[in-house]
Amino acid sequence: MTKSSVSAPQFFALLYLSMLGSMFMYISSPKITIATAEALLRPVVFAVVSILFALPIYFLCTKGGLKENLQAEKKSKVYKGVALFYGVVYFIDALMTVARFDLFASSELFPGTEMTYFLMGLVAVCVALTFCGIGALGRASTIFTLIVVAATAFASFTLSKEVDLLNFTPLFENGVGKFITDSLSFSIQASEIGAIVIFFPEIKGNVKKHYILWSVLSALSFSFILFFVIGTLGAFADTQLFPTYSAVTLAQFGLFERLDALETAIWILCVVTKLTLYISAIVKCIGFAFPRLSEKITAISVGAVITGFLIFISGNINNFNFISFTPLVMGIYLAPVIVLPSVLLIYNLIKRRKKNEKIS
Amino acid sequence: MKKYLKVCALLSLSVACLLSFSSCEKPGTELSELMIMQGIGIDTTNDGFKVTVELLNNEQSGSPGGNGNSENKTKIYTAEGKTVGEALRKLITKSGNEPMFAHNRVIVIGEEAANRNLSDILDFFERNYDSRASQLLCVAKNTTGEKVIRAKLLTDTIKSKILENMLEESAKQSLVPKVRIIDAINYIKDEASGLCIPAVKIQKNGENENFDLDGCAIFGTDSTFSMYIDSQAAEGIAILNDKFEEGVISADLPNGQKASFYINKGKSKYKIIQENGVLHYNLTVKLSCDLEGVQGAEYFNTDTGVIEAFQTAVGEALCKKAENTLIVLQGKHGADVVRYGKRLRLKENDLYKNMINDWDKIFPEIKLTITTDVTIRRIGEETFHSKKT
């Protein structure tokens with residue numbers, strides 16, 4: 001493996017960590033109740049949706065000949081436009097990740113403390129990590145995944161005696177329709193899937209197999225975490241901004257109390273991985289659109305712009321609400337996963353037809 | 001040059017980590033400048049709340065066993081405000097230190113405050129970032145939260161720690177339920193459930209005072225205080241709540257002897273059926289217990305007979321205890337603090353939906369049947385044939 005190539009298991013370990021990061025800092029929409037039994041089934045819908053919605057990406061990567069096209073279409077305006085669009089989407093994603101972590105850090109880690117400087121440091125670390133390339137990030141992710149999974153399993157083990165089955169509700173109490181809409185809202189948080197298109201030439205190995213494995217494992221992990229969140233907190237989970245963290249605050253093992261400090265330290269690995277993935281994706285997209293730009297300068301500039309926006313968002317909860325606005329969240333999921341790959345597929349198809357017409 | 005830069009970066013990161021390895025500290029605040037809360041008493045005033053807090057006397061508590069001077073281990077302050085939050089923040093005017101709620105052990109709700117809506121009192125603790133959801137709750141019976149926090153105990157110790165231990169251990173022994181902020185919120189949010197919070201009173205002990213856990217305070221579905229139940233009734237709540245896993249039970253043996261047993265393992269399960277419009281809750285309890293002591297001169301002749309008599313007696317005592325508690329809870333000021341409504345919702349949701357609007361009328365009519373399966377695990381170090389003369 002070179003600096004710029006990553007094996008499929010490593011790449012999906014990266015995506016898995018990124019998804020766990022979302023789960024640990026999960027903020028439920030006001031319209032969606034967490035403390036229900038069907039919340040445990042929402043990840044199943046997530047797995048199905050992730051597999052179905054990824055079909056355009058699958059066709060683009062296989063039948064669309066993405067690897068060859070990325071070489072051949074280096075000067076294509078459509079490809080460059082799509083690359084820039086991807087960059088914008090992942091910029092918003094990166095901003096959402098940092099803003100959510102800012103809210104988490106200033107609410108739970110150091111309540112009432114201005115965390116902007118800490119987050120500037122975090123963004124700087126992520127920018128520096130992008131210099132190492134996707135290969136190094138992928139390899140680091142495999143180790144991080146082991147650490148995070150072990151820590152989560154340990155916290156769950158210590159929470160097991162706190163689980164009360166009375167905290168659950170009857171299955172489909174509010175109807176199957178509500179379950180489906182809630183599950184769809186829950187499922188559209190994995191915009192990272194779109195990064196497969198961006199890094200496809202660098203991924204070595206069976207992407208399809210590992211993607212399905214990733215979907216299933218992510219869904220199982222979500223259900224596992226939600227079981228402990230609901231089982232320990234019950235309806236209280238819905239009153240909490242970060243229910244996963246609230247559940248972890250109850251974890252204790254023998255003489256060791258307040259294991260949340262240990263857990264949050266490990267969760268930061270997920271945030272770092274997620275943010276680095278987004279910055280790497282943005283740099284790659286800008287690099288495709290403007291090949292003459294230096295990757296390092298682009299990464300630093302992206303980091304600086306993210307920090308600038310963060311300073312604007314950080315001080316006011318309304319700004320945070322704006323970037324968590326449901327249509328925006330939906331947009332930044334659908335664009336990289338369905339819309340942009342479909343645009344490329346259609347473009348390739350039209351181009352191929354024109355070529356065939358010319359030949360005939 | 002590149003290598004040199006890397007080493008510099010590594011060193012500066014290490015120094016940054018080293019400097020931030022300081023526990024129990026708010027950034028920029030020394031440990032001695034924090035009000036580390038241990039217990040909070042909440043009472044009401046004409047237009048708001050009065051809070052009384054027990055704080056660690058940081059300088060004294062910092063050294064093992066104190067620093068040898070006459071200072072107490074804790075300090076107590078009181079402040080008032082329109083809300084609990086405001087009153088707690090105003091404590092800064094008394095101590096000059098910044099409040100830290102993360103280590104608070106127990107919240108004592110004064111009797112008058114208990115008569116107000118509980119949600120108003122708990123909202124601050126539910127919302128505050130620093131406050132832990134696992135803090136224990138209790139009600140000051142026939143007194144104020146302030147008096148409990150200011151109680152003159154015999155030893156110079158952290159009173160809230162004693163209270164916390166009492167609440168924790170009593171809950172472990174199934175004497176009173178363990179009620180944390182999470183539990184209280186869950187009960188309040190459940191439209192059918194009432195809430196039961198352990199009640200603590202102050203007992204005179206010469207010139208000093210003691211804490212005494214004396215039953216529980218019952219809150220209705222509207223989160224308002226409705227009545228106290230005594231210790232006997234409180235002991236049955238764990239059985240009805242299917243949380244009777246440890247504790248002592250005394251039983252009357254057929255020959256008139258009394259015996260006490262230590263329950264070391266318990267498992268229970270409810271089955272709900274509706275017959276002629278009446279809900280029947282069938283509770284099956286499986287217990288494993290050790291014989292702790294038998295009173296009286298008589299004893300049984302055969303081991304098998306003794307064991308069987310013991311098992312039957314434990315089962316009967318358990319049923320009696322649970323039934324008596326349910327009678328109290330189904331009484332005029334009672335409430336569904338054993339989550340029968342929630343159990344029905346989980347098992348028979350359609351039935352629950354039909355009944356929920358009249359739950360206050362339906363709960364008192366519920367019939368309980370208990371089936372016990374008791375195993376005597378150990379009999380202690382004394383044999384049955386060690387006849388006492």
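# Chatting about strands, domains and helices

Q: Which residue of strand 12 of chain B stands opposite B:S260?
A: B:S260 stands opposite B:G293 in strand 12 of chain B. Helices (H or I, at least four residues) and strands (E, at least two) are DSSP runs, numbered from the N terminus.

Q: Before we go on, what kind of model is this?
A: This is a predicted model, where local features need pLDDT of at least 70, side-chain atom pairs count only at pLDDT 80 or more, and totals for chains, interfaces and linings use all residues. As for labels, residues are numbered from 1 along each chain as its sequence is written, while chains are lettered from A and ligands numbered from 1 in the order in which they are written.

Q: Thanks! How many bridges join strand 11 of chain B to strand 12 of chain B?
A: There are 17 bridges between strand 11 (residues 258–275) of chain B and strand 12 (residues 278–295) of chain B, and these strands run antiparallel. Two strands pair if DSSP finds at least two bridges between them. B:A259 is another residue to look at, standing opposite B:V294 in strand 12 of chain B.

Q: And what does B:N276 do in that hairpin?
A: B:N276 takes a positive phi near 50 degrees, in a hairpin with two residues between strand 11 and strand 12 of chain B.

Q: Do strand 12 and strand 13 of chain B pair parallel or antiparallel?
A: Strand 12 of chain B pairs with strand 13 (residues 367–378) of chain B in the parallel sense, over eleven bridges. You can find B:L287 opposite B:V374 in strand 13 of chain B.

Q: What order do the strands of that open sheet come in?
A: The order is 10-11-12-13 in chain B, four strands in an open sheet with mixed pairing. Strand 10 (247–252) and strand 13 of chain B are the edge strands, each pairing on one side only. From one strand to the next, the twist averages 40 degrees.

Q: New topic! Which domains is chain B divided into?
A: Chain B has domain 1 (29–229) and domain 2 (238–389); domain bounds come from an automatic or database domain assignment. Taken over C-alpha atoms, the centres of domain 1 and domain 2 of chain B are 32 Å apart.

Q: How many residues does each domain of chain B give to the contact?
A: Domain 1 of chain B gives 19 residues and domain 2 of chain B gives 18. Two residues are in contact if their C-beta atoms, placed from the backbone, lie within 7 Å. On the domain 1 side, strand 7 (195–205), strand 8 (208–219) and strand 9 (225–229) of chain B each supply at least two residues.

Q: How many residues of chain B are in contact with chain A?
A: 17 residues of chain B are in contact with 17 residues of chain A. On the chain B side, helix 9 (181–189) and helix 12 (340–347) of chain B each supply at least two residues, and helix 9 of chain B gives the most, with four residues. That side divides into six nonpolar, three polar and eight charged residues. Ala, Val, Leu, Ile, Met, Phe, Trp, Tyr, Cys and Pro count as nonpolar, Asp, Glu, Lys and Arg as charged, and the others, Gly among them, as polar.

Q: Over to chain A. At roughly what angle do helix 1 and helix 10 of chain A cross?
A: Helix 1 (residues 8–24) and helix 10 (residues 207–233) of chain A cross at roughly 25 degrees, with axes that come within 10 Å. Axes are lines fitted to C-alpha atoms, for helices over the stretch in contact, and angles run from 0 to 180 degrees between N-to-C directions.

Q: Why are helix 1 and helix 10 of chain A called roughly parallel?
A: Angles under 35 degrees count as roughly parallel, over 145 as roughly antiparallel, 65 to 115 as roughly perpendicular and the rest as oblique. Helix 1 and helix 10 of chain A are therefore roughly parallel to each other. Their contact has 15 nonpolar, three polar and no charged residues.

Q: What about helix 7 and helix 12 of chain A, at roughly what angle do they cross?
A: Helix 7 (residues 133–159) and helix 12 (residues 260–289) of chain A cross at roughly 150 degrees, their axes coming within 10 Å. That makes helix 7 of chain A roughly antiparallel to helix 12 of chain A.
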